[in-house]
Amino acid sequence: MKILVCISNVPDTTTKVKFVDDLRKLDVNGIQWVINPWDELALTRALELKEDASNAVQTVTVAHVGPASAEPTIRKALAIGADDAIRVNTDPEDAYVVAAQLAEVLKADPYDIVLCGIESSDHNGSTVGGMLAEMLEYPSVSCVSSLRIENGQPVVSREIDGGKETVSVPAPFVAVVQKGIAKEPRIAAMRGIMSARTKPIRVFEPKAIEGLTGVTGYEMPKPRAACKYVDADNAGQLIELLQNEARVF
Amino acid sequence: MSVLVFLENWDGRFKKLSFELVSYASKVAEMLGEEVVALSIGQVDASELEKPALYGASKIVSIEDGNLKAVDEQAYTALIAGTANQLGAGVVILSNNNNGKSLAPRLSVRLKAGIASGVSRLPVSVNPFVVYKKVYSGKAFSNVEIKTPVKILTLAQNSFELIENPKPVVIEKSTAQADAQLLKTRVTEVEKQTGKILLTDADIVVSGGRGMRSADNWGPLLEMAELLGAATACSRPVSDEGWRPHGEHTGQTGKIIAPNLYFAIGISGAIQHLAGISSSKYIVAINTDKDAPIFEAAQYGIVGDALKVLPKLVEKLREVKSK
Ligand SMILES: Cc1cc2nc3c(=O)[nH]c(=O)nc-3n(C[C@H](O)[C@H](O)[C@H](O)COP(=O)(O)OP(=O)(O)OC[C@H]3O[C@@H](n4cnc5c(N)ncnc54)[C@H](O)[C@@H]3O)c2cc1C
Ligand SMILES: Nc1ncnc2c1ncn2[C@@H]1O[C@H](COP(=O)(O)O)[C@@H](O)[C@H]1O
């Protein structure tokens, strides 16, 4: 089995975002770029699967659609333990372009299990994984919170509203993963960082693909009204306010 | 042309979100001068089928293929796309919940339709088609233009109110069936909680954090939720510790919710937690630390020990409820 983990390169989750250019572009000044949290968990799970020889996972590859400036993030994934990497050299216009560029590469070089995160923490799309599956005509399972291989067959758990399903699905397939897929993300060890320097990153030039959507501008959230305090000794008053002022019950 | 809505049901009844979707779709259809058609896949009670008309659907298409117990993403995509094509739908609207996230992206490719996910407001304009959506996990918003003839939107749950708008309705039992060739996934086990309020559906959510101190202290919090008819939730460390089930964890890496009222009890208000709850209409914070960041997001606050405050709230609620 070969596993591919698609990674997106996002601002660290604690970043206070700002925009420039008349609110049309993210101010990248001082931003620390990281592997999208779900992709980091997906990678961790892929490596766990590979380490158990009974799963017969030969390689774990990471893939990214983005310019060369994303390479430190790719190197980080290699340092955590991925064997090699793919990068499609373009700054994608939207999720459709990301999926389509990945699909082009994967049609020529297929993988048995393709892992995507449930969303990238920057544009909150939740779309690349499903799009990629449809383009490749692979089955897909989304909201996956566990992945194992049983007698050579992938088995996943999927969160549904108010419950969970265990689903068996034939490879090749796309799993769109969320919380639970791995417990904690792995951190790169010194040895990993050293060996990552020599691991291969295959760079592909992009195909001419147009996006379906475009961002016309950004807005900052309106500041909320100041908090109204109720004295702890008189906590019951809160119930009255919620009932009579906010009228929420 | 029409606006197509994908309805969801739970135990044979439409989920509340289905009616939110129809309410939203009716307004979008109004902007476009079109009609709303609602598609239901799966077994629903006969009395349910007319309900979407109450919120503005003028046609309900019901596909009750017995082979479709669980969502198979490929098979469902084919059915929804088939319906959309048949109707010549110009806009397809799904929820931004688990099912919507599973189906909308596949549909986007199938219908060559640009997608804006997690929208919470009506389109800014329909020509060009521009929608406002959350980005950076709630730290900002963007206006997204969908450039394709067919558009797909997924609506954030609880972000749009139910608006009654009764319409005469045609109910069409479709004989469409899932393509057996596409049904490649097999559900081998289902764990379903029944009879409980779905966290993502709830109007009121009572949530506890590490400030609750231990798994044993949850009694009064649960009691308060019970009295309010609320769902319960927690911060990530709480579910990591095993104090509460994983399904309750809200935040960037957990569930993203938008109830009318969210109680954050012993929760510091880390940015990743806020990412999951900041769309709540009202946030109430109870925290010993007056400088906890949660108070910046809250409209009501109590600076104090949750373990002492909660019993007082429960007592007051009982009094109010007994009146
Ligand atoms: C990539 C990433 C993703 C993450 N995703 C999430 C997520 O989805 N959801 C999430 O919740 N977290 C998430 N986190 C973790 C997040 O950063 C915080 O660590 C977490 O939210 C803190 O949980 P807490 O508020 O319960 O605990 P703490 O930060 O420990 O806060 C406890 C609070 O309780 C107060 N307190 C203590 N005793 C009492 C008392 N007796 N009565 C009242 N108040 C009391 C304290 O003053 C404090 O404010 C994520 C972190 C990362 C790095
Ligand atoms: N530029 C990218 N390159 C590779 N994979 C990506 C990229 N953007 C998103 N992904 C993958 O798609 C998932 C969902 O992203 P999105 O649909 O943008 O929310 C991410 O968790 C990644 O696995």
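This is a predicted model: local features need pLDDT of at least 70, side-chain atom pairs count only at pLDDT 80 or more; totals for chains, interfaces and linings use all residues.
Okay, let's start with a term: when I say polar contact, I mean a pair of N or O atoms within 3.5 Å, and inside protein one of the two has to be able to donate a hydrogen and the other to accept it. With that rule, there are 41 residue pairs in polar contact between chain A and chain B, both residues at pLDDT 80 or more.

Now the overall contact. On chain A, 77 residues are in contact with chain B, and on chain B the count is 90.

What about charges? The rule finds six salt bridges across the interface of chain A and chain B. A:Glu134 forms a salt bridge with B:Arg110, and the closest N and O atoms there are 2.8 Å apart.

There's strand pairing between the chains too. If you follow β14 of chain A, you'll find six bridges joining it to β10 of chain B, residues 140-146, and the two strands run antiparallel. To get your bearings, look for A:Val215, which stands opposite B:Val144 in that chain B strand.

On to the ligands. Which chains does ligand 1 lie between? Chains A and B. It has 26 residues around it, and the closest are B:Arg210, B:Ser235, B:Ser268, B:Gln272 and B:Asn287. I'd like to point out some backbone atoms here. B:Ser268 puts a polar backbone atom 2.7 Å from an oxygen atom of ligand 1. For B:Arg236, a backbone N or O atom lies 2.9 Å from a ligand 1 oxygen, and for B:Gly254 the distance from a polar backbone atom to an oxygen of ligand 1 is 3.5 Å.

Ligand 2 is surrounded by 18 residues, the closest being A:Cys6, A:Asp39, A:Ser120, A:Ser126 and A:Thr127. This time I'll show you side chains. A polar side-chain atom of A:Asp39 lies 2.5 Å from an oxygen atom of ligand 2. The side chain of A:Ser120 has an N or O atom 2.6 Å from a ligand 2 oxygen, and with the side chain of A:Asn36 that distance is 3.1 Å.

Where are the cis peptide bonds I want you to look at? In chain A, the bond from A:Ala171 to A:Pro172 is cis, with omega near 0°, and A:Pro172 is placed in the loop between β11 and β12 (173-177). In chain B, a cis peptide bond joins B:Asn127 and B:Pro128, omega being about 5°. B:Pro128 lies in the loop between β8 (125-126) and β9 (129-135) of chain B.

Key: Residues are numbered from 1 along each chain as its sequence is written. Chains are lettered from A and ligands numbered from 1 in the order in which they are written. Side-chain values use heavy atoms; hydrogens and water are left out. Contact means heavy atoms within 4.5 Å. A salt bridge is a side-chain nitrogen of Lys or Arg within 4 Å of a carboxyl oxygen of Asp or Glu. Two strands pair if DSSP finds at least two bridges between them. Helices (H or I, at least four residues) and strands (E, at least two) are DSSP runs, numbered from the N terminus. A residue is near a molecule or strand if one of its heavy atoms lies within 4 Å of it.
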